Amino acid sequence: MEFKNRDIISIKDFSREEILHIVKTAKKFIPFARGKKYSDVLKGKILTSLFFEPSTRTRLSFESAMHRLGGSVISVAEPTTSSVKKGETLSDTIRMADSYSDVIVLRHSQEGAARLAAEFAEHPVVNAGDGAGHHPTQCLLDLFTILSEKKKIDGLNIVLLGDLKYGRTVHSLAYALALFGANLTFVSPKTLEMPREVVKECKDVGIEPKSTTVLEKAIKDADVLYVTRIQKERFPDPEEYSRVASSYRVDLNLLSKAPKDMIIMHPLPRVAEIAPEVDKTPNAVYFKQAFNGIPVRMAILYLILRGE
Ligand code: NCD
C-alpha cells in the first residue's frame, strides 16, 4: 500500500484494503478532530484549497483537518478574487498553486478537472468534487460513517435516493458500496436515474442494483437511507428542475414505514428533502456524518503527505 504523494481523484483508484486503511487511520484521528488532542505531524506543510464552486463542509473540514495537524492553509474560496476571473486557465492556476504548497484540494464545475489538474501538479491533487463527476473524499467519509454506525457494509440493504443523475456523491458511493458487497436500491425520479456507466461499475464488481421510483417500498427493509439534494445548479433547463424539485421528502410519517434501526445519511446541504423533525430522531446521522469529514480528511492528508 503506497499513499505518499498519491492523487485522490476517484474512489475507483483505491482497493478495499486501501479504503479500510484510510478508515482505520481516520478512527485514530477522532480525538484530534475533536480538539481533545493536538498533533503537529503536518507542521511545515501547506495545503492550497481551490474552490471554484460553493462549499461549506468540504472546504472547512479540509482546512480544519490541516490546521489541527499543525499544517497551514492558503485558499481561494471565491473564484472572483483569483486570476481565474482574468481568464487564467486551470492548468496555469494549478502550476502556481503547486509551486506554493504541498497539496492541492480542488473543487471545480467541470467533470475531469481534478484529473487534468493532477497532470500539471507534481504534488498530490485531491478531488473535492468535479461537476457531476466524483467526490471521493465524501465517499470515504460516507463509508466511515456506515462502518461506525453499522459495523459492516457487506450484505447491508442501502437505498440511494434523490438526484442520482447529477449527484456526484452517489456516483462515487454506489461503486464503493458495491465493492464492499452491499445490496443497492436506487430511488429517483425517472429523469434523474443513476447513469448507466455507474450501474455497470456496480455490476462489474458483482452487485446488481435495483431501481425504482417508489420510496416507501424501497425502505421497508433498508439498513441505510442515503438522501441527496436535487442538484439545481446542474439543470440546463429551470423548468425541468421545478418538475422534480419536490419529488421526495423524508419525514416522520415516512420513517414510521422503515425498520427502527435504519440510519438516514445526507452529504448536506439539504434543501427540503429531509424535514427538520427528522433531525431529533436516532435515525438521523447526517450531522455526525459531516463531523466525520474531519478525521477522514486528516487521515487522507496524513497518508498522502507523510505516507505512513
Ligand atoms: C455535496 C457536493 O458538493 O457534491 N456536498 C458536500 O460536499 N458535502 C452534495 C451537494 O452539494 O448536494
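The largest cavity holds about 50 Å³ of space, in a model that is predicted. A cavity here is a set of points on a 1 Å grid over the protein atoms alone where a 1.4 Å probe fits but cannot get out; its volume is the space filled by probe spheres set on the points, which are joined across faces, edges and corners. Searching the whole structure for cavities of 30 Å³ or more finds one.

Residues are numbered from 1 along each chain as its sequence is written. Local features need pLDDT of at least 70, side-chain atom pairs count only at pLDDT 80 or more, totals for chains, interfaces and linings use all residues, and side-chain values use heavy atoms, without hydrogens and water.

Select Arg 57, Gln 138, Leu 141, Pro 267, Gln 289, Ala 290, Gly 293 and Arg 297 to show the lining (residues with an atom within 4 Å of a point). Colour helices H6 (136-150) and H12 (286-306) next: each supplies at least two lining residues, and H12 gives the most, four. Helices are DSSP runs of H or I, at least four residues, and strands are E runs of at least two, numbered from the N terminus.

Now colour by domain, with bounds from an automatic or database assignment. Domain 1 (11-134 + 291-306) and domain 2 (136-289) both contribute to the lining, so the cavity lies between them.

Move to the open sheet, whose four strands run parallel in the order E2-E1-E3-E4 (pairing requires at least two DSSP bridges). E2 (72-76) and E4 (125-130) are the edges, each with a single partner strand, so one side of each has no neighbour in the sheet.

Terms used:
1 Å grid on protein atoms, 1.4 Å probe; cavity = no way out; pocket = protein on both sides within 12 Å on 5 of 7 lines; lining within 4 Å.
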